[in-house]
2 protein chains.
Amino acid sequence: MKKKPKKKVSVDKQSTLADLLRKHGAQIYDDLDKGNFPKFSIPSRSVSNIVYDKKIRQYILGANTAVRSSRNSSQLRSFTQLMWLAFFANRLTSQKKSSTLRDVYYSSQAFEVDFEDQAESDNIIVDLEAVLASPRESFHVFPEERSSVFGDLTIEYTVPGYQGKKTNLSDHPDGYAIGPSLTTAELIETSAEVVIAVEKGGLFTRFIEEQVDKKFKAIIVDTGGQAPRSTRTLLKRLHDELSLPVVILTDGDVYGEHIAMVIKSGSANAAHLRGLTVPDAKWVGVWATDIEKYKLPTIPMTESDIKRCHDLLKDPRYQEGIWKKELEVFLKIKRKAELEAFSKYGLTNITDKYLPHKLELAKSL
Amino acid sequence: MKKKPKKKVSVDKQSTLADLLRKHGAQIYDDLDKGNFPKFSIPSRSVSNIVYDKKIRQYILGANTAVRSSRNSSQLRSFTQLMWLAFFANRLTSQKKSSTLRDVYYSSQAFEVDFEDQAESDNIIVDLEAVLASPRESFHVFPEERSSVFGDLTIEYTVPGYQGKKTNLSDHPDGYAIGPSLTTAELIETSAEVVIAVEKGGLFTRFIEEQVDKKFKAIIVDTGGQAPRSTRTLLKRLHDELSLPVVILTDGDVYGEHIAMVIKSGSANAAHLRGLTVPDAKWVGVWATDIEKYKLPTIPMTESDIKRCHDLLKDPRYQEGIWKKELEVFLKIKRKAELEAFSKYGLTNITDKYLPHKLELAKSL
């Protein structure tokens with residue numbers, strides 16, 4: 001039985017963004033017509049305005065806003081930069097061209113808009129995200145990093161030259177790069193019943209080789225360490241549009257645990273954004289408690305691992321459940337284990353034994 | 001007019017490797033039957049035995065060999081490790097399972113073969129490469145890193161579950177991950193006339209978006225910085241089997257220049273291997289001399305960039321032609337430029353102007 005999405009969303013999203021940009025542009029013209037200094041109102045991203053929202057289970061911005069006005073000479077520079085960026089974002093989206101943070105920085109020079117360095121332009125890009133409450137991918141600024149996906153999922157492209165063309169993501173057994181085309185494609189149908197995100201390329205290959213996609217009716221995603229934003233967007237879409245549960249498998253260490261948390265609830269510095277988190281995603285391992293349970297070969301935690309544990313224990317998201325418990329166990333045993341550690345019991349032990357056990361467990365988590 | 005390979009090679013390769021392993025195994029049994037202590041003879045990888053071969057244009061090992069004998073108690077440990085690894089490599093290839101360096105390290109524990117840490121097992125893997133004169137990918141130890149490829153190339157898989165299945169690598173416009181399946185696939189046919197390897201994911205996406213594959217009849221490869229070994233293997237196969245010229249485009253700095261050199265002629269620590277280099281590959285830019293010529297925005301070189309230039313100037317491969325000249329210009333101007341710097345002249349300047357110019361130039365390099 002193939003699953004189809006409840007509704008197609010990506011096309012709507014694009015027109016909404018164009019509308020938003022137009023609205024902000026019209027406001028600028030309006031101010032000028034009325035003899036007012038044009039300005040932008042930006043939700044404040046200062047630490048004091050970042051709060052954890054228990055209901056939607058992610059960090060969000062509070063009610064404070066900052067004004068970037070052309071009247072104030074100290075704000076004129078960043079006001080101009082932001083206005084140029086909105087213009088450039090509109091051009092990118094209407095011409096359906098993709099770009100990167102670095103491209104935007106160099107493109108500004110074509111318009112003689114002055115940025116000190118790329119850090120300054122990156123920061124203005126985040127300002128525009130906050131103004132539009134949309135991730136930069138929506139205005140075609142994509143990350144350079146690519147991770148991969150594999151499984152029975154038919155998609156239909158929306159990018160120029162490929163509109164209407166369909167591909168099934170199980171045709172290439174090394175995986176499909178998750179770039180602008182995949183992120184913006186319509187999800188047409190799938191026979192999968194679960195999405196398995198795994199931290200490492202080696203395991204991703206192992207899972208495909210052992211037909212985890214068929215045996216467990218799964219779409220497999222390689223996050224390649226900390227999941228790039230396009231990958232998190234895809235995970236969210238697979239969950240929201242196709243109602244697929246998402247489980248995450250990482251190395252058994254504090255960084256692995258946090259990779260899972262970022263997929264689940266984002267990060268504090270993306271508090272101005274929705275649409276990048278999968279609050280229902282489940283971290284199924286490798287847990288600190290698995291290290292003892294499965295008698296895994298371990299490596300001692302470093303000073304920086306231990307410090308990171310203590311830091312996360314202060315984070316509101318690590319105050320309960322396995323999130324808290326596993327950090328505490330890591331601190332107690334002071335050892336960590338890699339996903340490949342299961343190879344001690346044979347290369348397919350992880351897919352034959354550990355994974356089925358954890359997938360079953362995930363249903364009750 | 002579609003190009004087809006002169007001969008199919010990957011299947012032959014696999015049987016040759018199995019033969020080689022069997023030959024070494026038989027030798028061990030033979031020694032035992034005759035009452036001799038079994039041993040391995042390994043080409044020496046010490047610095048004094050690494051020489052640059054001008055004819056094949058890469059580093060190779062000299063005539064010195066080291067003996068790893070079970071008679072010598074100080075060699076018994078590494079002899080045993082190497083013998084186990086040959087056994088494990090044979091199992092991987094006959095069962096057609098892929099693995100990684102890390103997998104091998106943990107797998108050894110299943111057999112109670114002792115390795116101090118992963119560095120020790122990595123080193124023994126390189127020893128086996130030297131014994132077999134074959135890269136570890138041939139005995140199914142693959143890198144975790146994945147880069148991507150895109151273009152009109154039809155391949156036919158040889159991995160289990162996909163034998164005989166064909167895919168065209170222009171169907172997914174974000175690119176296809178270059179993993180074990182792609183590396184071992186037969187190259188069936190292509191309409192391409194050139195391979196363009198580019199250092200950065202952002203540019204790879206730009207090239208696809210601007211239809212560089214169609215406009216210049218090209219297969220586009222994203223090396224993702226320093227090209228992983230599977231990517232270098234694919235580049236070599238595209239060149240050797242399909243007679244396609246390979247051009248390389250990198251950032252305009254000393255690291256970019258060396259990324260191109262490694263694709264062309266490998267590295268000193270892979271002197272024991274053939275099959276990973278494309279001696280005819282051409283580095284077409286970004287050259288130090290392009291920085292002035294195209295009036296590119298630049299960044300100052302760091303101390304470490306400058307030191308690296310001086311180091312490479314001592315390398316026998318940087319003694320002539322553009323390789324030497326461009327290093328000298330970098331040292332003179334002490335500035336570097338990124339590929340994205342062309343965005344100063346518009347996002348498509350690099351594909352509209354720079355690339356066609358460089359492709360034309362490549363014909364005479």
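This is a predicted model: local features need pLDDT of at least 70, side-chain atom pairs count only at pLDDT 80 or more; totals for chains, interfaces and linings use all residues.
Two strands pair if DSSP finds at least two bridges between them. I take strands (E, at least two residues) and helices (H or I, at least four) as DSSP runs, numbered from the N terminus.

**Entry 1. Ground rules.** Residues are numbered from 1 along each chain as its sequence is written, chains are lettered from A and ligands numbered from 1 in the order in which they are written, and side-chain values use heavy atoms, without hydrogens and water.

**Entry 2. A sheet in chain B.** I looked up an open sheet of 3 strands in chain B, and its order is 7-6-9 with antiparallel pairing. Strand 7 (166-168) and strand 9 (186-190) of chain B are the edges; each has a single partner strand, so one side of each lacks a neighbour in the sheet. From one strand to the next, the twist averages 25°. Strand 6 (residues 153-156) of chain B runs antiparallel to strand 9 of chain B, and 4 bridges join the two. Which residue of strand 9 stands opposite I155(B)? I found L187(B) there. Helix 8 (residues 229-242) of chain B packs on this sheet and touches strand 6 and strand 9 of chain B; the direction of helix 8 makes about 65° with that of strand 9. Contact here means heavy atoms within 4.5 Å.

**Entry 3. Two helix pairs.** Two packed helices are described by the angle between their axes and the distance between the axes. The axes are lines fitted to C-alpha atoms, for helices over the stretch in contact, and angles run from 0 to 180 degrees between N-to-C directions. I sort angles as roughly parallel under 35 degrees, roughly antiparallel over 145, roughly perpendicular from 65 to 115, and oblique for the rest.

In chain B, the axes of helix 9 (residues 254-265) and helix 12 (residues 321-333) come within 11 Å and cross at roughly 165°. I therefore record helix 9 and helix 12 of chain B as roughly antiparallel to each other. Helix 9 of chain B passes helix 12 of chain B in a left-handed crossing, meaning that the near helix is turned anticlockwise from the far one by less than a right angle. Among the residues that meet are V254(B) and M261(B) in helix 9 and W323(B) and F330(B) in helix 12 of chain B.

W84(A), L85(A) and F88(A) in helix 2 meet V104(A), S107(A) and S108(A) in helix 3 of chain A.

**Entry 4. Backbone details.** The peptide bond from G285(A) to V286(A) is cis, with omega near -5°. V286(A) lies in the loop between strand 13 (282-285) and helix 10 (288-293) of chain A. In chain B, a cis peptide bond joins G285(B) and V286(B), with omega about -5°.

A133(A) is not a glycine, yet its phi is positive, about 50°. I place A133(A) in the loop between helix 4 (118-132) and strand 5 (148-150) of chain A.

Entry 5. C309(A) counts as buried, at 0% relative accessibility.

Conventions
Buried means under 20% relative accessible area, exposed over 50%, partly exposed in between (1.4 Å probe, protein chains only).
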